[in-house]
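These are my notebook entries on a single chain. I set down what I looked up, in the order in which I looked it up.

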Amino acid sequence: MNRKISIILTIAMLLTGCCGCAKAAVSGQSSAGASAQEDSNAGYITVGFCQVGSESDWRIACSNSYKEEFTEVNGYRLLFADGEGKQENQIKSMREFILQDVDYILLDPIVETGWDAVLKEAKSAGIPVIICDREVKTEEDGLYECWIGSDFEKEGRNAGKWLADYLQSKGRDQEKINIVTIQGTMGSSAQLGRTKGFGDVLKEHANWTMLGQESGDFTQAKGQEVMEDFLRKYHDIDVVISENDNMTFGAVNAIQAAGKTCGRNGDIVIISFDAVKTALQSMIDGNINADFECNPLLAPLVEKDIEKLQAGESLEKVQYIDETYFDDTMDLKSLITERKY
Ligand code: AHR
């Protein structure tokens, strides 16, 4: 898009209040400041990043990863838009970035569906879009360059396999095992994949029963509420699957407040996802049994992809980031000091 037209459209949007919902900033300035700065972007690659929000420790680490990678020293101007947990905000930010004629749009989609229209708009404007962390389901594959993120389904499956091995090691593999799941944001790839992966292993174990599944929206407060609800409804919970660490922190609070114990030597086995430092410390303290890593340090991989696109190279459409898991049999103290998140 012609730069002058872009500036006029951006000013028009600001006057009509169209783009006031999501916060967009270049190096900490307002979106108005961002558009006024367009000319000084010469020589930099401008990248508009539509982040989900700041619901979890994982998310903060993820945002920091982009802010550390896409710096002026590295040749970039980063426009960071916090979607505050709402898809409509993310779509508005994308439209704002299109009007600003950024060089690339990075989208971490809160849920998988509902992106076709805005992705088509980006494509028509000739702006390449890279999808990060969570996935999108679109009618056409060609609406974005590539997706980089975690294999959420594998994380869920690995959690199930770990539970089977753990129960066997405790001589409980034939026992009736009652499970509850605190799910993440419904319709997000992290929720869909982890629920499906664990669910597939559950089907292989006739003695495992899923008592209940409720969403805690990936936040500590809601995770705690859901666990309180489960504890009111079910009196014989053996295992909690919590689809992220922050919900796990809330669940542990609820369990302890109810006078029960969890984790190593506790009444309830706790399996979590993300493996942020605070969760590993909680595992050392004995509250969590196992944690399946979700790696938030995606920005360096995204930056490599942009370098390739700049050089006219093609990209792998699907790119998984490396991940592992931790349990309370491991020496976590030394690991925690080196860990970035
Ligand atoms: O999409 C990744 C998930 O989103 C992480 O597990 C969670 O903590 C975050 O909010």
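**Entry 1: the chain as a whole**

I began with contacts (heavy atoms within 4.5 Å): residues 24 or more positions apart account for 74% of those in the chain with a separation of 6 or more. This is a predicted model, in which local features need pLDDT of at least 70 and side-chain atom pairs count only at pLDDT 80 or more, while totals for chains, interfaces and linings use all residues. Residues are numbered from 1 along each chain as its sequence is written, and side-chain values use heavy atoms, with hydrogens and water left out.

I then looked up pLDDT, the predictor's confidence in each residue, from 0 to 100. The chain has a mean pLDDT of 91, and 89% of its residues reach 70 or more. Residues 1-34 have a pLDDT below 50, yet this stretch has 57 contacts in the model beyond near neighbours in sequence.

For secondary structure I recorded 12 helices and 13 strands. These are DSSP runs numbered from the N terminus, helices being H or I of at least four residues and strands E of at least two. Of the 341 residues, 56% count as buried; buried means under 20% relative accessible area, exposed over 50%, and partly exposed in between, with a 1.4 Å probe and protein chains only.

**Entry 2: aromatic pairs**

I paired rings of Phe, Tyr and Trp (its six-membered ring) if their centres lie within 6.5 Å; planes under 30 degrees apart count as stacked, over 60 as edge-to-face and the rest as tilted. By this rule I count 10 aromatic pairs. The pair F49 and F80 is edge-to-face, because the ring centres are 5.6 Å apart and the planes stand at 70°. F49 belongs to strand β2 (residues 45-51) and F80 to strand β3 (residues 76-82), so the pair ties together parts 31 residues apart in sequence. F49 is buried at a relative accessible area of 0%, and F80 also counts as buried, at 14%.

I next examined F198 and W208, which are stacked because their ring centres are 6.0 Å apart and their planes at 15°. This pair links distant parts of the chain, 10 residues apart: F198 is in helix α7 (residues 189-203) and W208 in strand β8 (residues 208-215).

The charged end of K67 sits over the ring of F80, 4.3 Å from its centre. For this I required NZ of Lys or CZ of Arg within 6 Å of the ring centre and within 35 degrees of the ring normal. The charged end of R339 likewise sits over the ring of Y341, at 4.3 Å from its centre.

**Entry 3: nonpolar cores**

Which residues touch the most other members of the largest nonpolar core? They are Y66, F70, L106 and M227, in a core of 57 residues. Such a core is a set of buried Ala, Val, Leu, Ile, Met, Phe, Trp, Tyr and Cys residues joined through side-chain atoms within 4.5 Å. Helix α9 (residues 245-257) gives this core its largest share, 6 residues. At least three residues come from each of domain 1 (45-150 + 296-310) and domain 2 (152-294 + 326-336), with bounds from an automatic or database domain assignment.

Leaving out residues up to four places away in sequence, I found that M227 touches I182, I237, V240, A251, A254 and I255. Another core, of 24 residues, lies apart and has V118, V129, V136 and Y144 among its members.

G126 follows α5 with a positive phi near 75°.

Most residues other than glycine have a negative phi. D274, in strand β10 (residues 269-274), has a positive phi of about 115°. D274 counts as buried at 3% relative accessibility, and its contacts include W58, R194, N244, R339 and Y341. A275 has a positive phi near 65°. A275 is found in the loop between β10 and α10 (277-284) and is buried at 0%.
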